[in-house]
Amino acid sequence: MSERSAEIVKFDNVGLRYGTDPEVLSNLSFTLYPGSFYFLTGASGAGKTSLLKLLYLAQRPSRGAIRMFGQDLMTMPRERLPDLRRRLGVVFQNFRLVPHLTAFDNVALPLRLAGADEGRVIKAVSDMLDWVGLAHRAQAIPATMSGGEQQRVAIARAVIARPRMLIADEPTGNVDPEMALKLLRLFEALNNRVGTTVVVATHDVHLLKKVPDSLIMRLNKGQLSDPTGALRYPPRPGGGA
Amino acid sequence: MSVPPLPEAPEDALSEAARTATKQPRAARLLPRPRLGGLVPWVIAILIALVVVAAAGGLSLRNLAASARADLASAITVQVIEPNPDLRAERGKAAVAVLQGIDLVRAVRLVPQDELAALLEPWLGAAATSGDVPIPVLVDVELTRNAAPAELAAIETTLAAAVPGVRVDAQSDWLKPVYRALEALQWLALGLIALVALATAAAVWLASRNALAQHRETVEIIHLLGGTDSQITRIFLGTVLREAAFGALVGTALGLAAVWLLGQQFAALDSGMAGGGALAAVDWVAIAGVPIAGVLLALATARLTIALALKGML
């Protein structure tokens, strides 16, 4: 397999600025490979969330080029973005659950948007809610749920459709250590068994050590550093742990 | 640690599902029904009621004008003006005789002097019957068809050659100002309908933008989870359809009630002219099209508004 066909995401000299403000991300050039597990670290304000927004297609870069799943995002018409987004699973920093929908319907959303059979939706969502310990809260709306419960719903929604790439912004920030570990194992299982590429943004250094084969990308003032060889090809698993 | 039984979602199958998702009637379950705004259906109802009344009025005026034209287009009046009563009567009879010999003439009626006097009495009083005022002889002439101006001129020439002091008037000429007024009223009704349609589109445009702004966060989430513009548009169009249909039905009912009341008022006049403005079956079909057109206009406006707004989002 050639290097080009193996890549999931390729950034080439990407910069991002909001309006006329200075760039929050500068000269980012890196490649993410299938089946890898990445941690994105950095202090608050380093640009982690901005980088994730580029990855989950909520933002176009101000300059540079991005390829995702072999397609050039810079020239891609917006009508084709939904097809790419359906290959992603995203855990947003503030969960972004649909406030009027129940936990069940929030988790079911990616499957229903993809036109999945309703019988399959019911089975899959029920199993997923059961697994994250929220079967009894299936009909609860987000406003009546705790932060931890909302986070588990957001994670269930992100993984329900077996994404090819899972992007999670501080996914364990609101759950207890036991649930955090359980969710991390879910990400690992997706990574190992389904081959999902996982990108987890966190500033929890303890979390990094719990996934031994993970790679680390570090952001500092909008610049990406490569302390562990994560950005070289072939990636060097375990370099950051 | 166990892993949840993730649903089977092979890439190809998901891509196929994604491609066909827009054809499936499932979008309505993705979101709660957004509302256009509490007053919008009622605004649509009022506007549709106005259009129904304007359309009924315009069609009625059109029928009235057509009926009057049909009655008068093939009729002329011949006046014989002569101060001497005996000579006037003699020339009247002569005019009748000449007219009866013309092919274009179907029927001729010499208006009796008593009838003329009765017609003029409200204006002339006793003078109308005293004989002091020389009242022209009038002859009502019904033609076989609507005559062209040249044919009318030929009749007048033929008459004038045989009967001095004769004048021919096409009855439809007298009502030309009335026809023009009726035509102006029809254009007014049409203009009113166009303005109301514009107002309806503007109301739906504003309401759609507001509804979209109100649900912007949800729309963004749907987009980020792979929802297409058409899936999002369909959710909103479902709401527009429901609310516009409600408004259109209420508006049509109100408009028809107003038209019925007006119809009763005009019927009470017991006037032949008012009877000419009665609505025909085809007119009622056209009026029935008003709410349908209103709903379609609302849907088209909302679709365009939402499509433009969504294009502004990534």
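1. Ground rules. This is a predicted model, where local features need pLDDT of at least 70, side-chain atom pairs count only at pLDDT 80 or more, and totals for chains, interfaces and linings use all residues. Residues are numbered from 1 along each chain as its sequence is written, while chains are lettered from A and ligands numbered from 1 in the order in which they are written.

2. Chain A, domains. Chain A splits into domain 1 (1–87 + 163–241) and domain 2 (97–162); domain bounds here come from an automatic or database domain assignment. The C-alpha centres of the two domains of chain A are 24 Å apart. Helices (H or I, at least four residues) and strands (E, at least two) are DSSP runs, numbered from the N terminus.

3. Chain A, helices 4 and 5. Helix 4 (residues 103–113) of chain A packs on helix 5 (residues 118–131) of chain A at about 130°, with the axes 9 Å apart. Axes are lines fitted to C-alpha atoms, for helices over the stretch in contact, and angles run from 0 to 180 degrees between N-to-C directions. The two helices of chain A are therefore oblique to each other (under 35 degrees is roughly parallel, over 145 roughly antiparallel, 65 to 115 roughly perpendicular, and the rest oblique). Their crossing is right-handed, meaning that the near helix is turned clockwise from the far one by less than a right angle, with anticlockwise being left-handed. Among the residues that meet are Phe104(A), Val107(A) and Leu111(A) from helix 4 of chain A, and Val121(A), Val125(A) and Met128(A) from helix 5 of chain A. The tally for this contact is 10 nonpolar, no polar and one charged.

4. Asn27(A) has a positive phi, near 50°, and is a residue other than glycine. Asn27(A) sits in strand 2 (residues 25–32) of chain A and is partly exposed, with 15 other C-beta atoms within 10 Å. Arg162(A) also has a positive phi of about 50° without being a glycine. You'll find Arg162(A) in the loop between helix 6 (147–159) and strand 7 of chain A, and it counts as buried, with 22 C-beta neighbours inside 10 Å. The cut-offs are 20 or more other C-beta atoms within 10 Å for buried, 12 or fewer for exposed, and partly exposed in between.

5. Chain B, overview. Chain B has 12 helices and four strands, and 31% of its 314 residues are buried. Of the contacts in chain B with a separation of 6 or more, 88% are between residues 24 or more positions apart. The domains are domain 1 (30–68 + 177–311) and domain 2 (82–164) of chain B, with their C-alpha centres separated by 53 Å.

6. Chain B, helices 8 and 12. The axes of helix 8 (residues 176–214) and helix 12 (residues 281–311) of chain B come within 9 Å and cross at roughly 40°. That pair in chain B is therefore oblique, and the crossing is right-handed. Residues meeting here include Trp205(B) and Arg209(B) from helix 8 of chain B, and Leu297(B) and Ile306(B) from helix 12 of chain B. The class count is 10 nonpolar, five polar and one charged.

7. Chain B, helix 3. Helix 3 of chain B packs with helix 6 (residues 149–162) of chain B at about 135°, axes 10 Å apart. Ala94(B), Ala95(B) and Val98(B) of helix 3 of chain B make the contact with Thr158(B), Leu159(B) and Ala162(B) of helix 6 of chain B. Gln100(B), also in helix 3 (residues 85–100) of chain B, is exposed, with 11 other C-beta atoms within 10 Å. Not counting residues up to four places away in sequence, Gln100(B) touches Val105(B) and Val108(B).

Terms used:
Two residues are in contact if their C-beta atoms, placed from the backbone, lie within 7 Å. Ala, Val, Leu, Ile, Met, Phe, Trp, Tyr, Cys and Pro count as nonpolar, Asp, Glu, Lys and Arg as charged, and the others, Gly among them, as polar.
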